[in-house]
Amino acid sequence: MSTTSPARSMVRPAAVFSAAAAALSLPMALLVPLWITAGRMLFGIQGNLVVIFAATVGPLMAILMLLSAARITVAAARRPRFGAPLRTSFLLLGLWLAGGAFGFLVPDVGGEPGQDGSVMSALVGAEAAGFSAALANPVGILTLGLTAALLVVSVRDDRRA
(Lines give C-alpha, C1' and ligand atoms only; values in the text may rest on other atoms or scores of the structure.)
Protein backbone atom coordinates (compact mmCIF):
# COMPACT_ATOMS: atom_id res chain seq x y z
CA MET A 1 0.00 0.00 0.00
CA SER A 2 1.53 3.25 -1.00
CA THR A 3 0.64 6.59 0.31
CA THR A 4 1.01 9.66 -1.70
CA SER A 5 1.52 12.97 -0.12
CA PRO A 6 -0.57 15.82 -1.34
CA ALA A 7 1.15 18.05 -3.85
CA ARG A 8 2.70 21.00 -2.17
CA SER A 9 2.03 24.31 -3.75
CA MET A 10 5.38 25.84 -4.26
CA VAL A 11 5.59 29.53 -4.99
CA ARG A 12 7.96 30.16 -7.83
CA PRO A 13 10.48 32.98 -7.39
CA ALA A 14 9.50 34.36 -10.80
CA ALA A 15 5.87 34.68 -9.68
CA VAL A 16 6.92 36.50 -6.50
CA PHE A 17 9.19 38.82 -8.49
CA SER A 18 6.43 39.57 -11.02
CA ALA A 19 3.89 40.27 -8.29
CA ALA A 20 6.32 42.49 -6.36
CA ALA A 21 7.25 44.44 -9.50
CA ALA A 22 3.59 45.07 -10.33
CA ALA A 23 2.77 46.04 -6.75
CA LEU A 24 5.75 48.39 -6.46
CA SER A 25 5.25 50.02 -9.84
CA LEU A 26 2.93 52.77 -8.56
CA PRO A 27 4.94 53.87 -5.51
CA MET A 28 8.21 53.68 -7.45
CA ALA A 29 6.66 55.83 -10.20
CA LEU A 30 6.66 58.63 -7.64
CA LEU A 31 9.83 57.80 -5.72
CA VAL A 32 12.23 57.53 -8.68
CA PRO A 33 11.41 60.97 -10.15
CA LEU A 34 11.47 62.46 -6.66
CA TRP A 35 14.90 60.94 -6.01
CA ILE A 36 16.22 62.22 -9.35
CA THR A 37 14.80 65.70 -8.77
CA ALA A 38 15.56 66.32 -5.12
CA GLY A 39 17.42 63.34 -3.66
CA ARG A 40 20.61 65.38 -3.45
CA MET A 41 18.96 67.60 -0.85
CA LEU A 42 19.13 64.70 1.62
CA PHE A 43 22.92 65.01 1.41
CA GLY A 44 23.08 68.80 1.76
CA ILE A 45 23.41 69.47 -1.97
CA GLN A 46 20.99 72.03 -3.31
CA GLY A 47 21.80 73.93 -6.44
CA ASN A 48 20.01 75.20 -9.50
CA LEU A 49 19.39 71.72 -10.88
CA VAL A 50 16.81 70.92 -8.20
CA VAL A 51 14.58 73.73 -9.47
CA ILE A 52 15.26 72.91 -13.13
CA PHE A 53 14.50 69.20 -12.63
CA ALA A 54 11.38 70.05 -10.61
CA ALA A 55 10.06 72.00 -13.60
CA THR A 56 11.15 69.61 -16.38
CA VAL A 57 12.45 66.08 -15.92
CA GLY A 58 10.71 65.26 -12.64
CA PRO A 59 7.11 65.86 -13.80
CA LEU A 60 7.76 64.30 -17.22
CA MET A 61 9.15 61.12 -15.69
CA ALA A 62 6.45 61.01 -13.03
CA ILE A 63 3.67 61.29 -15.62
CA LEU A 64 5.17 58.66 -17.94
CA MET A 65 5.96 56.28 -15.08
CA LEU A 66 2.51 56.73 -13.49
CA LEU A 67 0.77 56.04 -16.81
CA SER A 68 2.88 52.91 -17.24
CA ALA A 69 2.39 51.80 -13.63
CA ALA A 70 -1.38 52.23 -13.83
CA ARG A 71 -1.54 50.05 -16.94
CA ILE A 72 0.79 47.48 -15.42
CA THR A 73 -1.25 47.28 -12.20
CA VAL A 74 -4.60 47.00 -14.01
CA ALA A 75 -3.24 44.32 -16.34
CA ALA A 76 -1.66 42.46 -13.41
CA ALA A 77 -4.99 42.42 -11.57
CA ARG A 78 -6.69 40.83 -14.59
CA ARG A 79 -4.27 37.91 -14.67
CA PRO A 80 -5.08 34.67 -12.82
CA ARG A 81 -2.09 35.33 -10.58
CA PHE A 82 -1.40 38.97 -9.83
CA GLY A 83 1.80 40.04 -11.53
CA ALA A 84 3.39 41.70 -14.49
CA PRO A 85 4.93 39.65 -17.30
CA LEU A 86 8.49 38.68 -16.46
CA ARG A 87 10.08 40.87 -19.17
CA THR A 88 8.07 43.87 -17.96
CA SER A 89 9.17 43.15 -14.40
CA PHE A 90 12.81 43.16 -15.47
CA LEU A 91 12.24 46.38 -17.42
CA LEU A 92 10.77 47.95 -14.27
CA LEU A 93 13.76 46.80 -12.23
CA GLY A 94 16.16 48.19 -14.83
CA LEU A 95 14.37 51.52 -14.81
CA TRP A 96 14.43 51.72 -11.02
CA LEU A 97 18.15 50.90 -10.94
CA ALA A 98 18.96 53.38 -13.71
CA GLY A 99 16.87 56.11 -12.05
CA GLY A 100 18.50 55.43 -8.71
CA ALA A 101 21.95 55.58 -10.30
CA PHE A 102 21.10 58.80 -12.13
CA GLY A 103 19.94 60.47 -8.92
CA PHE A 104 23.13 59.24 -7.26
CA LEU A 105 25.41 60.54 -10.03
CA VAL A 106 23.85 63.78 -11.28
CA PRO A 107 25.93 66.75 -10.13
CA ASP A 108 24.35 69.99 -8.97
CA VAL A 109 25.98 73.42 -9.05
CA GLY A 110 25.00 76.98 -8.29
CA GLY A 111 24.18 76.57 -4.63
CA GLU A 112 25.95 78.14 -1.72
CA PRO A 113 29.64 77.26 -1.31
CA GLY A 114 30.02 73.66 -0.24
CA GLN A 115 26.59 72.69 -1.56
CA ASP A 116 27.50 71.51 -5.04
CA GLY A 117 28.36 68.08 -6.31
CA SER A 118 26.49 64.82 -6.48
CA VAL A 119 25.42 62.28 -3.90
CA MET A 120 28.41 60.23 -4.98
CA SER A 121 30.84 63.11 -4.41
CA ALA A 122 29.20 63.82 -1.04
CA LEU A 123 29.74 60.21 0.06
CA VAL A 124 33.08 59.41 -1.60
CA GLY A 125 34.70 62.81 -1.71
CA ALA A 126 35.09 65.80 -4.01
CA GLU A 127 37.56 63.93 -6.21
CA ALA A 128 34.67 61.77 -7.46
CA ALA A 129 32.81 64.77 -8.91
CA GLY A 130 34.36 64.42 -12.37
CA PHE A 131 33.65 60.69 -12.51
CA SER A 132 30.11 61.33 -11.36
CA ALA A 133 29.51 64.03 -13.97
CA ALA A 134 30.94 61.82 -16.73
CA LEU A 135 28.55 58.98 -15.94
CA ALA A 136 25.47 61.09 -15.24
CA ASN A 137 24.62 61.91 -18.89
CA PRO A 138 24.65 58.33 -20.25
CA VAL A 139 22.76 57.03 -17.23
CA GLY A 140 20.22 59.86 -17.56
CA ILE A 141 19.67 59.05 -21.24
CA LEU A 142 19.30 55.37 -20.33
CA THR A 143 16.74 56.27 -17.65
CA LEU A 144 14.63 58.34 -20.04
CA GLY A 145 14.88 55.66 -22.73
CA LEU A 146 13.76 52.95 -20.31
CA THR A 147 10.87 55.17 -19.19
CA ALA A 148 9.66 55.53 -22.79
CA ALA A 149 10.15 51.81 -23.44
CA LEU A 150 8.18 50.94 -20.32
CA LEU A 151 5.24 53.05 -21.50
CA VAL A 152 5.18 51.20 -24.85
CA VAL A 153 5.52 47.79 -23.19
CA SER A 154 2.84 48.56 -20.60
CA VAL A 155 0.35 49.52 -23.31
CA ARG A 156 1.12 46.31 -25.17
CA ASP A 157 0.84 44.18 -22.01
CA ASP A 158 -2.46 45.85 -21.06
CA ARG A 159 -3.94 44.96 -24.45
CA ARG A 160 -2.83 41.34 -24.11
CA ALA A 161 -4.18 40.84 -20.58
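1. Helices α2 (residues 48-55) and α3 have axes that approach within 3 Å and cross at roughly 40°. The axes are lines fitted to C-alpha atoms, for helices over the stretch in contact, with angles running from 0 to 180 degrees between N-to-C directions. α2 and α3 are therefore oblique to each other; angles under 35 degrees count as roughly parallel, over 145 as roughly antiparallel, 65 to 115 as roughly perpendicular, and the rest as oblique. On the α2 side, the contact (heavy atoms within 4.5 Å) is made by Ile52, Phe53, Ala54 and Ala55, and on the α3 side by Val57, Gly58 and Pro59. By type, the residues of this contact of α2 with α3 divide into 6 nonpolar, 1 polar and no charged. Here Ala, Val, Leu, Ile, Met, Phe, Trp, Tyr, Cys and Pro count as nonpolar, Asp, Glu, Lys and Arg as charged, and the others, Gly among them, as polar.

2. A word on the basis of these values. This is a predicted model, in which local features need pLDDT of at least 70 and side-chain atom pairs count only at pLDDT 80 or more, while totals for chains, interfaces and linings use all residues. Residues are numbered from 1 along each chain as its sequence is written, and side-chain values use heavy atoms, with hydrogens and water left out.

3. Now the overall picture. The protein chain has 6 helices and 0 strands, and along the sequence the pattern reads α-α-α-α-α-α. Helices (H or I, at least four residues) and strands (E, at least two) are DSSP runs, numbered from the N terminus. Of the 161 residues in the protein chain, 39% count as buried; buried means under 20% relative accessible area, exposed over 50%, and partly exposed in between (1.4 Å probe, protein chains only). Among contacts between residues at least 6 apart in sequence, 79% join residues at least 24 apart.

4. On to the charged pairs: the structure holds 4 salt bridges, each defined as a side-chain nitrogen of Lys or Arg within 4 Å of a carboxyl oxygen of Asp or Glu. One of them joins the side chains of Arg71 and Asp158, at 2.7 Å from N to O. Arg71 lies in helix α3 (residues 57-78) and Asp158 in helix α6 (residues 129-160), so this pair ties together parts that are 87 residues apart in sequence. Arg71 is partly exposed at 34% relative accessibility, whereas Asp158 is buried at 17%.

5. Which residue forms a salt bridge with Asp158 at 2.1 Å between the closest N and O atoms? That residue is Arg78. This pair also links distant parts of the chain, with Asp158 in helix α6 and Arg78 in helix α3, 80 residues apart. Arg78 is partly exposed, with a relative accessible area of 47%.

6. Phe17 sits in helix α1 (residues 13-38) and Phe90 in helix α4 (residues 86-105), so the pair ties together parts 73 residues apart in sequence. Phe17 is partly exposed at 27%, and Phe90 is partly exposed at 49%. For Trp35 and Phe43, the ring centres lie 6.5 Å apart and the planes stand at 80°, so the pair is edge-to-face. Trp35 has 24% relative accessibility and counts as partly exposed; Phe43, at 35%, is also partly exposed.

7. Ser121 is buried, at 9% relative accessibility. Leaving aside residues up to four places away in sequence, Ser121 touches Ala126, Ala128 and Ala129.

Methods
Rings of Phe, Tyr and Trp (its six-membered ring) pair if their centres lie within 6.5 Å; planes under 30 degrees apart count as stacked, over 60 as edge-to-face and the rest as tilted.
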